[in-house]
Amino acid sequence: MSDDAAIRRLEPVAVWNAFADLNAVPRPSKKEARVTQFMREFGQRLGLETASDSIGNVLIRKAGSPGMEKAPPVVLQSHLDMVCQQNAGTNFDFDRQGIQMRLKGDWIEAAGTTLGADNGIGVASAMALLAAKDIPHPPLEALFTIDEETGMTGAKQLPNDWLRGRTMLNLDTEDDTELTIGCAGGIDVSTTGHYEEEPLPAGWSVVAVAIRGLTGGHSGMDIHLGRGNANKLMNRLLDVLDDEHGIRVCQLDGGGLRNAIPRESVAHVAVPPGINATHLQETLDGLAGTIRNEYQLTDPGLGIAVEPAELQSSVLSEAMQRRLLATIDGVISGIWRMSPSIPGLVQSSNNLARVKVGDGQFELHCLTRSNVDSERDELARILVSVLSRLDGRCETAGAYPGWQPQPESNVVRVMKEVYVGLFDSQPHVAACHAGLECGIIGGHYPGMEMVSFGPNIRGAHSPDEKVQVSSVQKYWKFLTATLARLGESAA
């Protein structure tokens, strides 16, 4: 039996079949046309009221089950796009291929790529509820947004008069013991520009310095784990090679998506006559051992190597190289401040997500997060002051607000009671450092009561992403019981 067939036989069957159908549809952020069409056709086949707005969000409405028709509607919200990351050496085209899933014991993962459980399990859950004929529920409004992962533009451009419900279940968190009632806001901070190239000095050779195998992960939910950032670690290596061997940087390419902790970086460097790859490797071995020791628990797969490279025609000027390395050294990456009021919560952080230098152009991109909007803006200001050393064009863009907790709301009270009744334990009710769409949607619909929850998903935003089968079963039981309770209490 194939993995896909085996996954489709898992319980709850309706959820896993919907997830498999969804994962057959390519859905990178900002390229959601196929998946929005898929979702519209899904609603129409069920004979349900289905609409889409000008940006591409999809809304499917379903009447309440018998006895709950007059209960207030509940919004089920999830996003259609997914983070697209793959391991080095994995040949996969996210624009054209469906995700290749693998069943490994109690977990489902993908073959060398992100799985799309973030937020595909939420989407699949809503699909299963829309198609169900035997699950008690109040009237449902299933809201499927686009482009959550690279700007939240779907939520930002959501019509202010679309939703009727004033209770929303966001199905986009990753621990089945948690009820999330607040989240961080964020802003993109970047600099781009040009620099004067210099010819490769006569007699110099070129090698590649590579960092690979870091754990990576979600730049919000995993930022407190202290995992290595490939862009920062590469800069540390280049600083040493510059000091000891006078290398010149030709090109630098590290990281990728703004919301993923960078896992890989490759620098092409020119070395003077008499210095070869063996000399550089010997220099790096000591430092690499130190770095591996520092990150042995968080990044056990870390590899640092000197590799052959094609000869380059140009290098950065010495002045530009000094400014570049000093700037990257100065960029805060990781936790900036912990919450003084909520133990264990990261309040503000920054992820140096992307560094690309070559052919006379440079770009550095950060995603700055904070649960306090004023602190988010202050950290962005500090980053701009650092990035401005490169004399490029510094920009802040895509700001979105945090979501302020309402621990005494009715939906929080109901869900806590349901959780205790089902599992005989208390859920962990807290805010998180990830960026959820709840704060933005709450801005469109003041007074909306919201909770975010989901099954156990590990390694989101990296090729290590996986979702736990037994946890999906627990989450589904909780979701359906919550809807029944909300329908009964208001009917």
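# Talking through a predicted fold

Of the 491 residues in this protein, 56% count as buried, where buried means under 20% relative accessible area, exposed means over 50%, and partly exposed is in between (1.4 Å probe, protein chains only). The model is predicted: local features need pLDDT of at least 70 and side-chain atom pairs count only at pLDDT 80 or more, while totals for chains, interfaces and linings use all residues. Residues are numbered from 1 along each chain as its sequence is written, and side-chain values use heavy atoms, with hydrogens and water left out.

Me: What radius of gyration does the protein have, next to a compact globule with 491 residues?
Reply: The radius is taken over C-alpha atoms, and the globule rule is 2.2 Å times the number of residues to the power 0.38. For 491 residues that rule lands near 23 Å. The protein's own value agrees with this, at 24 Å.

Me: How many helices and strands are there in the protein?
Reply: Both are DSSP runs numbered from the N terminus: helices are H or I with at least four residues, strands are E with at least two. Going by that, the protein has 12 helices and 23 strands.

Me: Of the contacts between residues at least 6 apart in sequence, what percentage join residues at least 24 apart?
Reply: Contact here means heavy atoms within 4.5 Å. Take the contacts between residues at least 6 apart in sequence, and the share that joins residues at least 24 apart is 80%.

Me: Is L10 buried or exposed?
Reply: L10 sits in the loop between α1 (3-8) and α2 (13-23). Leaving aside residues up to four places away in sequence, L10 touches W16, L103, I108 and V469. Its relative accessible area is 18%, so L10 counts as buried.

Me: Which side chain of opposite charge is nearest to D81?
Reply: D81 lies in the loop between β3 (74-79) and β4 (101-104). Lys and Arg count as positive, Asp and Glu as negative, and His and the chain ends aren't counted. D81 is buried yet has no salt bridge, which would take a side-chain nitrogen of Lys or Arg within 4 Å of a carboxyl oxygen of Asp or Glu. The nearest side chain of opposite charge is 7.4 Å away, and it belongs to R27.

Me: Which residue's side chain makes a polar contact with the side chain of D81?
Reply: A polar contact is a pair of N or O atoms within 3.5 Å; within protein, one must be able to donate a hydrogen and the other to accept it, and residues adjacent in sequence count only if both atoms are side-chain atoms. Residues that D81 touches include P28, S29 and D118. At 2.6 Å, the polar contact is with S29.

Me: How far apart in sequence are the parts tied together by R354 and D253?
Reply: The structure holds 24 salt bridges, and one of them joins the side chains of R354 and D253 (2.4 Å, N to O). R354 is buried at 16% relative accessible area, whereas D253 is partly exposed at 37%. Since R354 lies in strand β17 (residues 346-358) and D253 in strand β12 (residues 248-255), the parts they tie together are apart by 101 residues.

Me: Which helices hold R485 and E417?
Reply: The side chains of R485 and E417 meet in a salt bridge (2.4 Å, N to O). The pair ties together parts 68 residues apart in sequence, because R485 and E417 lie in helices α12 (residues 469-490) and α10 (residues 410-423).

Me: How many bridges join β9 to strand β18?
Reply: Strand β9 (residues 185-194) is mostly covered, with 8 of its 10 residues buried. With β19 (residues 393-400), β9 runs antiparallel over 6 bridges, and V189 stands opposite T396 there. With β18 (residues 361-370), where G193 stands opposite F362, β9 is also antiparallel, and the number of bridges is 10.

Notes:
Pairing = 2+ DSSP bridges.
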